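Open the model in your viewer and keep the selection tool handy. We will go from one stop to the next, with a word on what to select and what is there.

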Amino acid sequence: MKLVLSQEQQELRAAVRDFLRTASPLPKARDGYDPQVYARLNGELGLSGLVVPEEYGGAGAGMSELAVALEETGAALLPGPFLATAFTALALSLVPDKELQTGIAEGRITATLDDTELTHDGGTASGTLTQVLSGADADVLVAPARGDGSTVMVAVELAGPGVTRTALETLDVTRGQATIVLDGAPARVLGPAPETGIFDRLCVALAAEQLGVMRAALDAIVAYAKIRVAFGRYIGSYQGVKHKLADMHLKLEQAESIVRYAAWAADESPGELPEAAALAQAYVGRACFEVARDHLLLHGGIGYTWEHDAHLFYKRAKADEVLLGPPRIHRARLAQLLEL
Amino acid sequence: MNLDEYRRAAGEWLRENVPTDDYPEADAIARAKEFMAKLHDAGYSGITWAKQWGGQGLTQAEDRAFAEAARDYTLPTYVFSIGLGMTGPTIADRGTDAQRERFLRPLLRGEEIWCQLFSEPGAGSDVASLQTRAVPDGDHWVINGQKVWTSVAHHADWGLLLTRTDVDVPKHKGLTMFVVDMHHPGVTVRPLRDMSGKANFNEVFFDNVTIPDEHRVGEVNDGWSVAVTTLLHERLSISAGVGMGGQKDNPASLEALRRVLDTDDPLVRDELVELHIRSRALALFNQRLAQETKAGIFPGARGSAAKLLLAELTLYQADLATRLVGPEAVLADQPLARAISMAPGMALGGGTNEIMRNIVGDRVLGLPPEPRVDKTVPFKDLKVGTQA
């Protein structure tokens with residue numbers, strides 16, 4: 001088991017962190033998706049192709065590297081379809097498709113993945129997907145579809161005919177969702193839908209983003225506690241504040257340990273992945289929201305204002321916590337996997 | 001010999017030499033001493049300690065390799081843990097050559113048992129406010145006072161004793177460290193029963209006990225810096241042990257509970273899932289710290305985070321288990337009754353949870369310290385202990 005980052009992984013982290021600091025600073029997160037930032041993210045750092053195999057132009061890296069990147073995009077609250085594209089790339093690692101994977105690796109295609117089952121007739125697909133992550137921004141949708149008695153994965157061009165997209169107003173202003181209605185939209189069959197494996201990988205990838213969100217939230221409030229004065233003292237010197245920050249740090253340490261473990265399991269120990277993935281969502285999802293919540297509260301009144309960034313973390317943390325379903329499903333899966 | 005060979009050899013030695021048979025409680029000390037002598041002869045006692053003073057002069061890498069090999073065994077070395085983990089390293093770091101020569105080899109060979117005498121009834125978390133006095137008398141010092149929470153004092157030959165030598169200066173500046181002969185007339189060791197009913201530690205009284213000046217460790221009134229050395233070693237030895245102990249004998253573990261509970265009940269299932277989540281989260285954190293240490297990243301104050309989490313998990317786990325099992329959990333002969341009774345110990349010994357949170361806040365997060373009202377006040381003018 002590997003829980004410590006390698007030299008290369010640390011360099012990747014530093015590169016992504018440095019890039020996002022200038023290319024997508026926090027104030028910009030409110031403006032939403034900026035395709036130019038994506039072009040550079042993919043062009044200069046090759047992030048979109050991280051988990052795409054080398055034969056399709058990707059870096060052929062594993063979940064451990066993707067987790068490092070997602071932690072940084074999470075910390076920056078990067079808007080747009082980065083997570084959705086990463087989700088899709090992970091699904092495509094189980095249902096390979098040269099065209100899509102090459103497009104993602106080259107940064108030409110952003111994609112999103114949904115588990116709502118469509119119907120298809122070989123050439124077109126139909127169905128209503130009520131809440132698709134980054135559905136208004138992504139170029140391609142990948143989803144399961146039923147036809148001829150079997151379930152396959154299909155790809156649909158979202159700018160093409162037969163597609164109606166309606167952007168939804170969401171709690172998280174930095175990253176949107178959309179309702180997508182397909183009515184005989186041209187759809188390409190990628191291959192049989194895998195019975196297992198996709199959901200576990202999404203759980204781990206999301207946990208990595210959540211780790212970044214909670215780390216950035218904790219960093220922000222720790223920095224504030226060192227400069228904000230009340231009753232003649234820095235607020236970080238009060239045990240009422242300090243002890244809460246210490247507890248938040250403990251959650252972060254444990255969350256990081258779980259994310260590293262789950263990413264390692266995805267790469268090296270598939271047998272452990274289902275339990276590790278359920279653990280990652282059950283622990284990190286909750287811990288992320290709690291840390292984001294307490295970071296907002298410890299800011300005091302200023303943290304409740306629209307102008308302050310605290311609510312951006314709070315809302316992203318909540319949106320992430322329920323992104324893959326109500327959190328109880330991860331706990332129920334754990335119970336099942338532990339044969340309780 | 002490379003590390004793998006070293007580990008394998010250690011494993012083989014342990015398999016042949018760790019006693020596994022039952023023996024009467026009364027023989028425990030004799031057995032422990034016998035085992036330590038064999039351990040030293042085999043070259044596994046004081047692995048990183050200097051050769052000159054009886055150690056093996058090897059590196060942390062060999063020490064870790066041995067610890068890994070020893071993980072599968074319960075070594076009968078408990079009575080030496082204070083000496084090996086805290087007082088011995090303090091003598092090695094801060095003692096005179098004569099003290100190192102006199103004390104270290106007998107410790108490593110299991111010939112002498114040590115205890116640590118810092119805490120007092122009025123000085124726990126704030127140990128620098130202690131009141132046991134040492135007064136000079138020719139080439140001797142005369143000790144009067146009381147210590148508490150002293151593990152293995154009833155078996156100890158020597159104690160590392162922190163005393164007050166000057167009351168006219170602020171509290172940290174008037175302390176001096178000594179080695180005290182625990183068999184000296186005037187030393188009274190009284191077992192102190194803890195809330196579980198067992199006497200795991202002692203009160204120790206000093207009534208005009210004399211100590212030769214050559215048994216002073218460090219300069220007069222520089223005892224605090226010596227104590228800091230000891231406490232650093234204490235924290236390291238606690239955090240090194242954190243996560244080492246398995247859950248196999250824990251009556252509040254998931255494995256133990258699932259055998260006795262109806263897991264068809266969804267409420268029970270969810271409680272057990274929560275227990276699993278918290279246990280795994282801490283276990284993985286401990287493993288990550290261990291891997292970092294191996295990679296040369298020193299855990300430092302993050303060891304306090306691990307200790308705090310273990311304390312909280314211990315309390316939560318015993319509390320949850322008793323609630324899930326119900327009325328029979330409170331019968332005195334039930335392992336769960338013992339577990340709930342012992343659970344607070346981890347949150348108090350080796351630094352309370354509040355002290356651990358201060359350490360994480362100050363040293364890991366770098367938060368500003370609390371203002372101190374006692375820094376410049378002469379000790380004799382300071383309120384200490386419990387005062388109305």
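**Stop 1: the domains of chain B**

Start by colouring chain B in three pieces: domain 1 (3-108), domain 2 (114-224) and domain 3 (242-364), with bounds that come from an automatic or database domain assignment. Before going further, please note that this is a predicted model, in which local features need pLDDT of at least 70, side-chain atom pairs count only at pLDDT 80 or more, and totals for chains, interfaces and linings use all residues. Residues are numbered from 1 along each chain as its sequence is written, while chains are lettered from A and ligands numbered from 1 in the order in which they are written.

Now show domain 1 and domain 2 of chain B together; their centres, taken over C-alpha atoms, are 26 Å apart. Where they touch, domain 1 of chain B contributes 14 residues and domain 2 of chain B contributes 12 (a contact means C-beta atoms, placed from the backbone, within 7 Å). On the domain 1 side, select α4 (81-94) and α5 (97-108) of chain B, each of which supplies at least two residues. Helices here are DSSP runs of H or I with at least four residues, strands are runs of E with at least two, and both are numbered from the N terminus. The largest share of that side, 7 residues, comes from α4(B).

**Stop 2: confidence in chain B**

The mean for chain B is 92, and 97% of its residues reach 70 or more. Then select residues 242-246 of chain B, where pLDDT stays under 50. Where pLDDT is low, the predicted coordinates should not be read in detail. For the complex, the predictor gives an ipTM of 0.96 and a pTM of 0.91.

**Stop 3: chain A and one of its residues**

Switch to chain A, which has 11 helices and 9 strands. Along the principal axes, its C-alpha atoms fill a box of roughly 70 × 40 × 35 Å.

Next, select A:Ala207 in helix α7 (residues 198-225) of chain A. Is A:Ala207 buried or exposed? A:Ala207 counts as buried because it has 30 C-beta neighbours inside 10 Å (20 or more make a residue buried, 12 or fewer exposed, and anything in between partly exposed, with C-beta atoms placed from the backbone). Leaving out residues up to four places away in sequence, show what A:Ala207 touches: A:Val259, A:Ala262, A:Ala280, A:Gln281 and A:Val284. Finally, draw a C-alpha to C-alpha distance from A:Ala207 to A:Ala255: they are 48 residues apart in sequence and 8.4 Å apart in space.

Terms used:
pLDDT = per-residue confidence, 0-100. Contact = placed C-beta atoms within 7 Å.
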